[in-house]
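Reader: I've got a model open here. Can you walk me through it?

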Amino acid sequence: MDNLSSATEFCLLGFPGSQELHHILFAAFFFFYSVTLLGNIIIIMIVCIDKHLKSPMYFFLAHLSFLEILVTTTIVPMMLWGLLLPGTQTISLTGCVVQLFLYLSFGTTEFAVLGAMAVDRYVAVCNPLRYNIIMNSHTCIWVVIVSWAFGFLSEIWPVYATFQFTFCKSNLLDHFYCDRGQLLKLSCNDTFLTEFILFLMAVFIIIGSLIPTIVSYTYIISTILKIPSASGRKKAFSTCASHCTFVVIGYGSCFFLYVKPKQTQAAEYNRVASLLVSVVTPFLNPFIFTLRNDKVKEALRDAVKRCCLVFKE
């Protein structure tokens with residue numbers, strides 16, 4: 001490729017290794033993706049149809065599950081195609097822009113929703129008498145709208161800045177999707193200032209959405225410890241356990257991927273961190289919010305019973 005021209009399409013190198021390894025990875029990731037879709041769709045359906053799950057907590061959970069489906073669907077189908085048919089994983093510059101923008105926007109929206117869920121748990125535990133007044137349907141709808149708007153608007157400049165560079169070193173992208181760090185490696189321009197600004201924006205978005213969670217859980221733990229009975233403390237904590245577990249996994253993996261001054265990390269590092277964000281976390285979401293939540297488990301059992309009755313008839 002001419003060193004003075006910029007790439008108009010990229011070839012995604014995907015995963016190194018033999019064809020046998022690629023087939024094993026394809027089977028594993030296809031299983032993860034199928035379970036992710038099925039599990040999160042089930043959560044959305046039972047939240048919509050079960051009258052016992054008509055609280056703000058489950059309203060936000062349904063949106064979180066929908067976002068998990070979108071995040072993983074933005075990345076995984078193309079990754080699976082590359083594993084099944086190596087050498088055919090090419091993507092246009094426009095396709096690369098769209099994929100990166102959607103991936104980052106859905107992820108940022110997810111952080112905002114997680115922050116809203118933490119505040120919801122704070123109001124439920126620390127101010128239960130005013131819970132229905134504060135977290136009414138109008139408030140919940142506006143919180144979700146603002147979360148989606150923030151997620152998409154906050155990623156316009158980072159994606160625009162990424163694709164302002166000239167990608168003239170090569171069009172071979174050492175990743176299974178249009179990873180920003182690997183894209184910047186292909187640039188012939190000086191990317192230091194842009195990388196530093198992207199780092200500051202990542203800190204603002206991730207830490208900024210984590211602060212409400214930290215503050216909320218500080219008050220929640222303080223309130224729970226004041227409950228005299230052990231059963232009361234256990235019941236109060238059980239309402240927050242699922243969300244807390246998901247926050248640790250979700251934020252932990254994103255810290256490794258995005259909160260670093262140098263965006264152009266080694267491809268192997270980026271691949272592992274990206275798999276945690278786009279495959280493992282969405283896969284775990286249905287298990288975290290069903291196995292640790294009695295109401296969701298009860299709703300699932302009721303749904304299975306109703307299905308069995310329908311089939312018997």
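Reader: Start with the sheet. In which sense do E1 and E3 pair, parallel or antiparallel?
Author: E1 and E3 pair in the parallel sense, over 2 bridges. Two strands count as paired if DSSP finds at least two bridges between them. Strands are DSSP runs of E, at least two residues, and helices are runs of H or I, at least four, both numbered from the N terminus.

Reader: Before we go on, what kind of model is this, and how are residues numbered?
Author: This is a predicted model: local features need pLDDT of at least 70, side-chain atom pairs count only at pLDDT 80 or more, and totals for chains, interfaces and linings use all residues. Residues are numbered from 1 along each chain as its sequence is written, and side-chain values use heavy atoms, with hydrogens and water left out.

Reader: Fine. What is the strand order in the sheet?
Author: The order is E2-E1-E3, in an open sheet of 3 strands with mixed pairing. Strands E2 (90-92) and E3 (172-173) are at the edges with a single partner strand each, so one side of each has no neighbour in the sheet.

Reader: And how do E1 and E2 pair?
Author: Strand E1 (residues 9-12) pairs with E2 in the antiparallel sense, over 3 bridges. Thr90 in E2 is the bridge partner of Cys11, and Ile91 in E2 is the bridge partner of Phe10. Cys11 also stands opposite Leu172 in E3.

Reader: Which helix packs on the sheet, touching E1 and E2?
Author: Helix H3 (residues 93-126) does, and its direction makes about 90 degrees with that of E2. Contact means heavy atoms within 4.5 Å. Axes are lines fitted to C-alpha atoms, for helices over the stretch in contact, and angles run from 0 to 180 degrees between N-to-C directions.

Reader: New topic. How do H3 and H8 pack?
Author: H3 and helix H8 (residues 192-225) pack at about 15 degrees, with their axes 9 Å apart. That makes H3 roughly parallel to H8, a label for angles under 35 degrees.

Reader: Which residue classes make up that contact?
Author: The contact of H3 with H8 has 14 nonpolar, 6 polar and 1 charged residues. Ala, Val, Leu, Ile, Met, Phe, Trp, Tyr, Cys and Pro count as nonpolar, Asp, Glu, Lys and Arg as charged, and the others, Gly among them, as polar.

Reader: What about H3 and H5?
Author: Their axes come within 7 Å and cross at roughly 145 degrees. Residues of H3 in this contact include Phe101, Leu102 and Phe106, while those of H5 include Trp148 and Phe150. By class, the contact of H3 with H5 has 10 nonpolar, 5 polar and no charged residues.

Reader: And at what angle do H2 and H5 cross?
Author: Helix H2 (residues 56-84) and helix H5 (residues 137-153) cross at roughly 25 degrees, and their axes come within 10 Å. That makes H2 roughly parallel to H5. Among the contact residues are Phe59, Phe60 and His63 of H2, and Ile141 and Trp148 of H5. This contact of H2 with H5 has 11 nonpolar, 1 polar and no charged residues.

Reader: Zoom out. How many helices and strands are there?
Author: The protein has 11 helices and 3 strands. Its radius of gyration is 21 Å, close to the 20 Å that the globule rule gives for 313 residues, so the protein is as compact as a globular protein of that length. That radius is taken over C-alpha atoms, and the globule rule is 2.2 Å times the number of residues to the power 0.38.

Reader: What box do the C-alpha atoms fill?
Author: Roughly 70 × 50 × 30 Å, taken along the principal axes.

How values were computed. Parallel < 35°, antiparallel > 145°, perpendicular 65-115°, else oblique.
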